[in-house]
Amino acid sequence: SPAAAAPEIRNVNIRGLQIGAKTTLTIDGTDLLPNPQIVMSLPITAQTVQPNATATRVVIDVTLDKSVQPGMYNLWLGNANGISGKLVVAVDQLPQRTFATEIDALPVALHGTVGSSAKLRTTFVGKKDQEILIEAEATRLGGKLRPVLHLYDPAGKHLAWSMPSPALRGDTRLTAKLPAAGKYTVELHDLQ
């Protein structure tokens, strides 16, 4: 009989891990079983495969050690048949969440997908004189998006925007001081 194939990752719902806390990753792919396990070059305190894993979808709770330094790291999925190709993930102190149209608490790292001419929009409640930093990480994670960020005030007035930066390897960062309390909107789209 033919040899079993090594796992192949096609998609991960979250491309980041929180230092010292549990992050739940949903991994889609092929040949993910048996006994899937996250493999990284940094200390993983715990990882648990949730029940009902299949050969095409695995949900794993991953907890990183508190001593891990923030940065970009390679992640692989290993199992009894081999190891997948690498996937780059961001590692930091922020809670990691899938993209939502409204953010309930700051700070946070949101993860999602923007295709062709689509735009992602989310809102958050800000305070007067609050300083914010919004960063889009796409090219550093292996994506093709050339991210552009926009910030709108509660009345819909355009406050700030940022373009891809060579200093961020083609990603972008927006900083602003909020002029008033209220619900602000962040928009992300591709440069084209």
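The paragraphs below begin with the whole chain and then turn to its parts.

This is a predicted model, in which local features need pLDDT of at least 70 and side-chain atom pairs count only at pLDDT 80 or more, while totals for chains, interfaces and linings use all residues. Residues are numbered from 1 along each chain as its sequence is written, and side-chain values use heavy atoms, with hydrogens and water left out.

The chain has 17 strands and zero helices, where strands (E, at least two residues) and helices (H or I, at least four) are DSSP runs numbered from the N terminus. Along the principal axes, the C-alpha atoms fill a box of roughly 65 × 35 × 30 Å. Of the 192 residues, 42% are buried, a word that stands for under 20% relative accessible area, with exposed for over 50% and partly exposed in between (1.4 Å probe, protein chains only). The accessible surface comes to about 10600 Å², and carbon and sulfur atoms hold 51% of that surface; such areas come from the Shrake-Rupley method with a 1.4 Å probe, and for residues only the protein chains shown count as cover. Among contacts with a separation of 6 or more, 61% join residues 24 or more positions apart, a contact being heavy atoms within 4.5 Å.

A nonpolar core is a set of buried Ala, Val, Leu, Ile, Met, Phe, Trp, Tyr and Cys residues joined through side-chain atoms within 4.5 Å. The largest one has 22 residues, and those touching the most other members are Leu17, Leu25, Ile27, Ile38, Met40, Leu75 and Val91. At least two residues each come from S1, S3 (22–30), S4 (37–40), S6 (57–64), S7 and S9, and S6 gives the largest share, four residues. Apart from this core lies another, of 18 residues, which includes Ile132, Ile134, Ala138 and Val186. Val91, leaving aside neighbours within four places in sequence, is in contact with residues including Leu17, Met40, Leu64 and Tyr73.

Where is empty space left? Rolling a probe the size of a water molecule over the atoms shows this. On a 1 Å grid over the protein atoms alone, a pocket is an open set of points where a 1.4 Å probe fits, with protein on both sides within 12 Å along at least five of seven lines, and lining residues have an atom within 4 Å of a point. The largest pocket has a volume of about 1400 Å³, and of its 46 lining residues the closest to the centre are Leu110, His111, Glu135, Ala136 and Glu137. Strand S13 (131–136) is one of the elements that give two or more residues to this lining, and S13 supplies the largest share, five residues.

Ser84, between S8 (82–83) and S9, counts as buried because its relative accessibility is 5%, and beyond residues up to four places away it touches Pro7, Ile9, Trp76 and Leu77. Ala181, between S16 (172–177) and S17, counts as exposed because its relative accessibility is 57%. Most residues other than glycine have a negative phi, and most peptide bonds are trans. Asn52, however, has a positive phi of about 70°, and the peptide bond from Leu33 to Pro34 is cis, with omega near 5°.

Technical notes
Grid points are joined across faces, edges and corners, and a volume is the space filled by probe spheres set on the points.
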